[in-house]
Amino acid sequence: MSAKKESKSDQQLHLAALQGNLSLLRRTLDGGKVHVDCKDKEGTTPLILAAANNHLHCVRELLEQGAQVDERRNTGTCALFFAAQGGFLEIVKELLEKEATVDLPSQDGGTPLFVACQCNHLDVVKELVGRGANIHRTMNDGATSLFIASQNGHYNILKFILERDGDVNRPRLDKATPLWIASQMGHSDIIKELLAHGANIDAPREDGATPLFKAAHKGHVDCVSDLVSHGASLGLLENGESALHAAALFGHLKVVKQLIQAGADVNLKNKEGATASELARDAGYDIISDFLYKSNYSPHTMV
């Protein structure tokens, strides 16, 4: 069934909510030609617009005039979702006081808590969790709020979730763990915290790549140091490569030196039978290739 076409009054009410124009909002509602929860073609209501744009006075007026607090857009997102995303704590509190569903998910499984974690709004995260938001809930792809905090490098939110028994090793559906994603993104402080809470250092994603492999692949020197110092595997992985192969192939000389110093085997061959030096040479990184070749004959080379 096609969506109802917006009337001029509908558009006026949406504009008032978007701009935070309380007097226009009241006049439009008082005219009796518009429903308080009228939707545009995306399913957006005036309450959602007011919440998303931090207009607390309009949010209150719409709720007093009967707006449904849990109305959702076509994507499944609601007013609380957008208030949490924006970090608008007072609006979050107002909506929760009016019994907004704290974990109402969008089509991809995202909840207000997920977007608050993603956007680094710790005060909103605390409010939502205090009102019953589930830190163990997952998105459709299996990501938890702890995973989202790890991915985005939000240390204080990570700590808050860990203090409430967030599962440090719970992976996404592709088996990527919080430690894996933090290593890929280069968040050394997150890595340290996850390891301190028992993260499995060599847990691979479904393609066999471990946290150290991804850190080496991306050239994240500090992350490589953290992982190596905690005993991450330097050998051949399930994907048929090693961290040294990854660092050499993508031209990260500093990481190559770190791995050699930590004991990586320069003669180790990948699933194709190639050494890290050969990969570097084929990729045009002659300096790395030469360094690895010389390291093979000078085991005490200063790196």
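Where is the place of N120? Select N120 and you land in the loop between helix 7 (112-118) and helix 8 (122-130). Helices here are DSSP runs of H or I with at least four residues, numbered from the N terminus.

Before moving on, a word on what you're looking at: this is a predicted model, where local features need pLDDT of at least 70, side-chain atom pairs count only at pLDDT 80 or more, and totals for chains, interfaces and linings use all residues. Residues are numbered from 1 along each chain as its sequence is written, and side-chain values use heavy atoms, with hydrogens and water left out.

Most residues other than glycine have a negative phi. N120 isn't a glycine, yet its phi is positive, near 65 degrees. With a relative accessible area of 39%, N120 is partly exposed (buried means under 20%, exposed over 50%, partly exposed in between, with a 1.4 Å probe and protein chains only).

Next, select D165, in the loop between helix 10 (155-162) and helix 11 (178-185). D165 has a positive phi too, about 65 degrees, and isn't a glycine. Is D165 buried or exposed? Its relative accessibility is 62%, so D165 counts as exposed.

Now for some rings. The whole structure holds 1 aromatic pair (Phe, Tyr or Trp rings, using the six-membered ring of Trp, with centres within 6.5 Å; planes under 30 degrees apart are stacked, over 60 edge-to-face, the rest tilted). Select F81 and F82: they pair edge-to-face, 5.5 Å centre to centre with 75 degrees between the planes. Both F81 and F82 are buried.

Last stop: select K257 and F291. K257 lies over the face of F291, 5.6 Å from the ring centre (the rule: NZ of Lys or CZ of Arg within 6 Å of the ring centre and within 35 degrees of the ring normal).

Technical notes: Helices (H or I, at least four residues) and strands (E, at least two) are DSSP runs, numbered from the N terminus.
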